[in-house]
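Student: Could you walk me through this structure? I am new to it and would like to begin with a single detail.

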Amino acid sequence: MKLYLFVIITLCILSIIPANAQDNIVFERLNGIKVDGQLFLFINTSTPDKPSLDFQLENYDISKSSHALDGRLFRITSNMGEITPFLQFYNPLKYNFSTSVKEEDDPIAIAIQEFKNAIPTDLVNTILRQSSPTISNSSVPSKAFTENSSKGNITSAPIANINNFPKSILLNEWIFKYKSLISSRLSNEIIGKINDDIIPIIDNIEDVESVLYNSGDFLSDQSIQLYTTENDYFKFELALDLAKAKHKEVASLLTGVKANLGAIIDLLTIDFNTVLAPTINRNQIKDFEDYSSVSATILKTSTVSAIELQNDRINKLKKIIDDLEKFKKQFDINIGGIKFQKLEKVSIENSIDKIKNISFTVKPLAQDGSALSEKNVHKSLSQFVVNRNKVPFVTTSLIYADLDVVSYSVTQIGGKNIIIQDKKNVGIKPAVFLNLLGKLGKEYKTPLYWFPQIGIASTNNNIVVPVGVGWFIKDIFSISAGIVNVFNRRLDALSVGSEVADEKAFQNDLKTGWSRAGYISINFSPGIKKK
């Protein structure tokens, strides 16, 4: 009758187990990915604004496919209990990568402690007394970006016409006035002076205006080229080299601009009497000297902000280049033509007591360096544990065993101390089991899991220790069977109904023993849930 009742209860339990057993981590622990010493990470940019993280295990091979990292559990198999993650090069202007680590107590270890706490202390003490045991092409530079001038090194093709002055915005009025004042009686010497000493200096105003006003925003251009470069170390290195060349070029050009401006201002001021005065009508020299001085002041003040802007762009580009160089140097490991950065080692204590949770975060960045919307951020939470081919777990179970358990005591009958017995059948009992889950089959491709188990229960004030083996089909159903062992004390020389002198004589006659019988058990759940 009790067996029938057990079957009915089992069927009822089976109807609810599938709904409850799916979220346990015991099976994940057994099926987690084994990793020996290395883990290779990649920022997947198939959707650039919403990146993700992929991985390969040790012995990285570019021809092999990668797998999504998110939510993975890794079982560290190395003897040192540690692995080294490697991160593939990525464009730091486009993505930000970070990690956060949290170590916590292993829920399996917690469950085992709970199992220990479920053991009746008084019964255990009784037993112990009895026995021990992640480029576009550069545009062709203009004339302004390919010529350098300085006050001491001014070059210009000889001209035959003294009216061949450059077109200029900054000096347009001064050039017009100077041409109107040039004397009509000029010697070849003076004409040569104009050709050799004046026009070449004034001619440089074109370069000045080109660099300061018509060269475009080279900082923005280089930033766009660097930002749009893909997550390839060598392509990024080429883009960075082009940015360095552009920085060197514009810095040199700005030095030339300052020298050219200085030469023009000197011509209009301190060199006026020796260079310009001999070329104009004498009665106009004084007025034109004053006019040239004012023009020089206007030229100087009107170019200050433009020079400061170019200086600022040059300095910002230099800082970007320096920061990127420093970042690039971190990726110093070349595997199969791919550059990787060695990240901090993941180390786990060689025990079941700790589990390490690591959150890998990838944030896509806008061109100005600001983060995109939070919905574009990718976070991969992975767990790292010590590898175990057998995983301990605790179940709350229902066992059935057809075994009578007898206990003895002394009672007074007719003034005599008479030995009596109380017999109870184990029948259906709740029990707590400590199990060791493993897989059937060498390649672990079967859906069947097996586990040895040892449990604890009590009946009729006696400790019940079932020992057996069980089977899970995936993680939805578990049944086990084995031998139930009941610790009890038996009469030796005395017998039931015998008279005994006193309690001491009765206790001295009792001997420790075990009663055994077969049992079957239905196990509710591995009992360890995801947090």
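This is a predicted model: local features need pLDDT of at least 70, side-chain atom pairs count only at pLDDT 80 or more; totals for chains, interfaces and linings use all residues.

Student: In which sense do β13 and β14 pair, and over how many bridges?

Tutor: They pair in the antiparallel sense, over 21 bridges. Strand β13 covers residues 391-413, and strand β14 covers residues 416-439. As an example of facing residues, Leu398 stands opposite Pro430 in β14.

Student: Which strand pairs with β14 over six bridges?

Tutor: That is strand β15, residues 448-459, and the pairing with β14 is antiparallel. Here Leu434 stands opposite Ile454 in β15.

Student: Let us change topic to charged residues. How many salt bridges does the structure hold?

Tutor: The structure holds 14 salt bridges. Side chains of opposite charge can pair when their charged atoms come close. One of the salt bridges joins the side chains of Glu82 and Lys345, at 3.4 Å from N to O.

Student: What does Glu230 form a salt bridge with?

Tutor: Its partner is Lys235, and the closest N and O atoms are 3.1 Å apart. Glu230 is partly exposed at 46% relative accessible area, and Lys235 is partly exposed at 42%.

Student: And where do Glu249 and Lys246 lie?

Tutor: Both lie in helix α10, residues 233-268, where they are three residues apart, about one turn of the helix. Lys246 has a relative accessibility of 12%, so it counts as buried, the cut-off being under 20%.

Student: Which residues are linked with Glu325 in a network of salt bridges?

Tutor: The network links Glu325 with Glu237, Asp241, Lys244 and Lys328. Glu325 itself lies in helix α12, residues 285-329. The side chain of Glu325 makes a polar contact with the side chain of Lys244, at 2.5 Å.

Student: Why is Glu325 counted as buried?

Tutor: Glu325 is counted as buried because its relative accessible area is 16%, and the cut-off is under 20%. Leaving aside neighbours within four places in sequence, Glu325 is in contact with Leu240 and Lys244.

Student: What else may I look at in helix α12?

Tutor: Ile307 also lies in helix α12. Ile307 is buried, with a relative accessible area of 14%. Apart from neighbours within four places in sequence, Ile307 is in contact with Leu212, Leu254, Lys258 and Leu261.

Student: One last topic, the surface. Which residues form a nonpolar patch there?

Tutor: Val469, Trp471 and Ile479 form such a patch, with about 240 Å² of accessible area together. Trp471 is found in strand β16, residues 462-473. Trp471 is partly exposed, with a relative accessible area of 40%.

Technical notes
Residues are numbered from 1 along each chain as its sequence is written. Side-chain values use heavy atoms; hydrogens and water are left out. Two strands pair if DSSP finds at least two bridges between them. Helices (H or I, at least four residues) and strands (E, at least two) are DSSP runs, numbered from the N terminus. Buried means under 20% relative accessible area, exposed over 50%, partly exposed in between (1.4 Å probe, protein chains only). A polar contact is a pair of N or O atoms within 3.5 Å; within protein, one must be able to donate a hydrogen and the other to accept it, and residues adjacent in sequence count only if both atoms are side-chain atoms. Contact means heavy atoms within 4.5 Å. A salt bridge is a side-chain nitrogen of Lys or Arg within 4 Å of a carboxyl oxygen of Asp or Glu. Patches are made of residues with over 30% relative accessible area and no salt bridge: like charges are joined within 9 Å, nonpolar side chains (Val, Leu, Ile, Met, Phe, Trp, Tyr) within 5 Å. Accessible areas come from the Shrake-Rupley method with a 1.4 Å probe; for residues, only the protein chains shown count as cover.
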